[in-house]
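This report concerns a single protein model.

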Amino acid sequence: MVYYEDEKLVIRNMEETDGPVFVKELTAQGWHPDPAGYMSRLKDQSEEKCTALTAVYEGCPAGYVYVYLRADDGPFKEKGWPIIIDFNVLKKYQRKGIGNRLMDVAEQVAVQYADTVCLGVGVCDSYGTAQRMYVRRGYIPDGSGVWYRGKQCIQYETVCTVDDDLILYFYKQLQCLS
């Protein structure tokens with residue numbers, strides 16, 4: 001399904017052929033992507049647990065995001081809100097408006113299920129661009145502090161590893177775009 005299209009950018013459902021492209025490109029960026037992760041997200045999409053979106057810029061997969069119908073952990077577990085997970089635009093495609101357009105579509109998907117959407121973002125500096133973008137888009141921290149591997153951190157508690165699993169949760173009220 002195509003959600004957005006202009007002369008350079010198409011946002012559509014993720015396809016099986018997108019995973020190997022992202023694995024190759026993210027590895028070139030110095031990341032360590034798990035190829036099985038893309039297949040798992042596609043399976044979740046086929047089971048209607050999520051919508052897996054791919055941004056294709058000038059014919060090349062450039063970014064992706066997943067919108068799950070409800071948060072399964074963290075501070076929003078019992079709220080029934082959709083959660084945006086694993087938002088990424090490849091470095092060579094950043095600063096072209098792809099991320100904002102991808103988030104526009106993710107929010108359009110989310111508003112079909114609830115009037116609020118949530119997400120978690122890493123606290124490391126490598127997430128700085130995403131952190132600033134979420135705030136500009138109207139996301140606010142939920143106030144529950146930092147979480148690590150699905151558990152809320154306690155003040156003065158030692159968190160051994162500062163990695164992608166150390167996150168801060170945000171939420172945003174959505175408006176129907178009738």
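The model is a predicted one.

**The sheet**

An open sheet is built from 9 strands, arranged in the order S1-S2-S3-S4-S5-S6-S9-S7-S8 with mixed pairing. In general, the strands of a sheet pair through backbone hydrogen bonds, in a parallel or an antiparallel sense.

| Strand pair | Sense | Bridges |
|---|---|---|
| S3 and S4 | antiparallel | 8 bridges |
| S4 and S5 | antiparallel | 5 bridges |
| S7 and S9 | antiparallel | 5 bridges |

Strand S3 covers residues 50–57, and strand S4 covers residues 60–68. S3 and S4 make a hairpin with 2 residues between them, and Glu-58 in the turn has a positive phi of about 50 degrees. Within this pair, Thr-54 has Tyr-64 of S4 as its bridge partner. Tyr-64 also stands opposite Asn-88 in S5. S4 is mostly covered, with 8 of its 9 residues buried. Elsewhere in the sheet, strand S7 spans residues 140–148, and Val-146 has Leu-168 in S9 as its bridge partner.

**The largest pocket**

The volume of the largest pocket is about 1,700 Å³. Its lining comprises 50 residues; Trp-31, Asp-86, Phe-87, Asn-88 and Tyr-127 lie nearest the centre. Two or more lining residues are given by each of helix H2 (35–46), strand S4 (60–68), strand S5 (83–89), helix H3 (98–110), strand S6 (116–122), helix H4 (128–136) and strand S9 (166–173). Which element provides the largest share of the lining? That share, 7 residues, comes from S5. By residue class, the lining divides into 23 nonpolar, 13 polar and 14 charged residues.

For Phe-87, a separation can be given: its C-alpha atom is 16 Å from that of Val-21, and the two residues are 66 residues apart along the chain. Val-21 belongs to helix H1 (residues 18–28), and with a relative accessible area of 29% Val-21 is partly exposed.

**Helix H4**

In H4, the buried residues include Gly-128, Ala-130, Met-133 and Tyr-134. S5, H3 and S6 are among the elements that cover the buried residues of H4. An α-helix has 3.6 residues a turn, so residues three or four places apart point the same way. After H4 comes Gly-138, which has a positive phi, near 100 degrees.

**The cysteines**

How many disulfides does the model contain? The count comes to 0 disulfides, where a disulfide requires two cysteine sulfur atoms within 2.5 Å. The closest cysteine sulfur to that of Cys-50 belongs to Cys-118 and is 14 Å away, which is too far for a bond. Cys-124 is likewise in no disulfide, as the nearest cysteine sulfur, that of Cys-153, is 12 Å away. Are Cys-50 and Cys-124 buried or exposed? Cys-50 counts as buried because its relative accessibility is 4%. Cys-124 also counts as buried, at 17% relative accessibility, since the cut-off for a buried residue is under 20%.

Note on methods. Residues numbered from 1 in each chain as written. Predicted model: local features only at pLDDT ≥ 70, side-chain atom pairs only at ≥ 80, totals over all residues. Heavy atoms only, no water. 1 Å grid on protein atoms, 1.4 Å probe; cavity = no way out; pocket = protein on both sides within 12 Å on 5 of 7 lines; lining within 4 Å. Points joined across faces, edges and corners; volume = space filled by probe spheres on them. Helix = DSSP H or I, 4+ residues; strand = E, 2+ residues; numbered from the N terminus. Nonpolar A, V, L, I, M, F, W, Y, C, P; charged D, E, K, R; others polar. Buried < 20%, exposed > 50% of the residue type's maximum accessible area, 1.4 Å probe, protein only. Contact = heavy atoms within 4.5 Å. Pairing = 2+ DSSP bridges.
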